Amino acid sequence: MIDEVLSCLDDAYTVKISEEMISIPSVTGDEEAFSLYIQEKLESYGMETSLDYVEPGRPNVYAIMKGSREGKRLNYNAHTDTVPAGDGWDTDPFKPVIRNGKLYGRGACDMKTGIACALNMLRALADGGVDFNGEISFSGVVDQE
């Protein structure tokens, strides 16, 4: 099972969707577009999804992939908001840039690339066609604080 999933991981996919996510501003209080993007990705992996609006424009996004037998649940959790871009950027903070092998843009380290890694794993699980016990879930929540 592990080999099938690992063979479906794709580093280029992680970089690609990290860049896409950096291009979607999700400053605290306005996370909706980003949450909808995540929901679309999760649904493309065959996961059941739902949105829970905490406030207007601020949905938490949830998804679940069920195995064929009872078992434990593994949850990937991340926050979807970023702080405002602030000053001191050499480039547009919402246009991803790769320089010297590093990805730059608002949210690249906190936490859009982390979400991209989780999405890559969930995609690999779905594409690997493996059977597992329990449930794999994702929760993307607003307001990291």
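Author: Here is a walk from the overall fold into the core and back out to a loop. Keep in mind that this is a predicted model.

Let's start with the layout. The protein has four helices and six strands, and from the N terminus they come in the order α-α-α-β-β-β-β-β-α-β. The radius of gyration is 16 Å, close to the 15 Å that the globule rule gives for 145 residues, so the protein is as compact as a globular protein of that length. Along the principal axes, the C-alpha trace covers about 50 × 40 × 20 Å. If you look at contacts between residues at least 6 apart in sequence, 73% of them join residues at least 24 apart. As for burial, 40% of the 145 residues count as buried.

Now for the part you asked about. The largest nonpolar core holds 27 residues, and the ones touching the most other members are Met21, Ile38, Leu42, Ile115, Leu119, Leu122 and Phe138. At least two core residues come from each of helix H1 (2-8), helix H2 (11-22), helix H3 (32-44), strand E2 (58-66), H4 and strand E6 (133-141). H4 gives the largest share, with seven residues.

Just past the end of H4 you'll find glycine 129, with a positive phi of about 60 degrees.

Isoleucine 38 is a handy spot for seeing how the pieces meet. Setting aside neighbours within four places in sequence, isoleucine 38 contacts Val61, Thr80, Ile115 and Phe138. Two of those partners, Ile115 and Phe138, are also among the core residues that touch the most other members.

For contrast, head out to glycine 86, in the loop between strand E3 (69-79) and strand E4 (97-99). Exposed means over 50% relative accessible area, and glycine 86 has 53% relative accessibility, so this residue counts as exposed.

The accessible surface comes to about 7,900 Å², and carbon and sulfur atoms account for 51% of that. On the charge side, there are 13 positive and 25 negative side chains, with the centres of the two sets 3 Å apart.

Key
Residues numbered from 1 in each chain as written. Predicted model: local features only at pLDDT ≥ 70, side-chain atom pairs only at ≥ 80, totals over all residues. Heavy atoms only, no water. Rg over C-alpha atoms; globule rule 2.2 N^0.38 Å. Buried < 20%, exposed > 50% of the residue type's maximum accessible area, 1.4 Å probe, protein only. Contact = heavy atoms within 4.5 Å. Areas by Shrake-Rupley, 256 points an atom, 1.4 Å probe, with all protein chains shown as cover. Lys, Arg positive; Asp, Glu negative; His and termini not counted. Charge placed at Lys NZ, Arg CZ, Asp CG, Glu CD. Core = buried A, V, L, I, M, F, W, Y, C linked by side-chain atoms within 4.5 Å.
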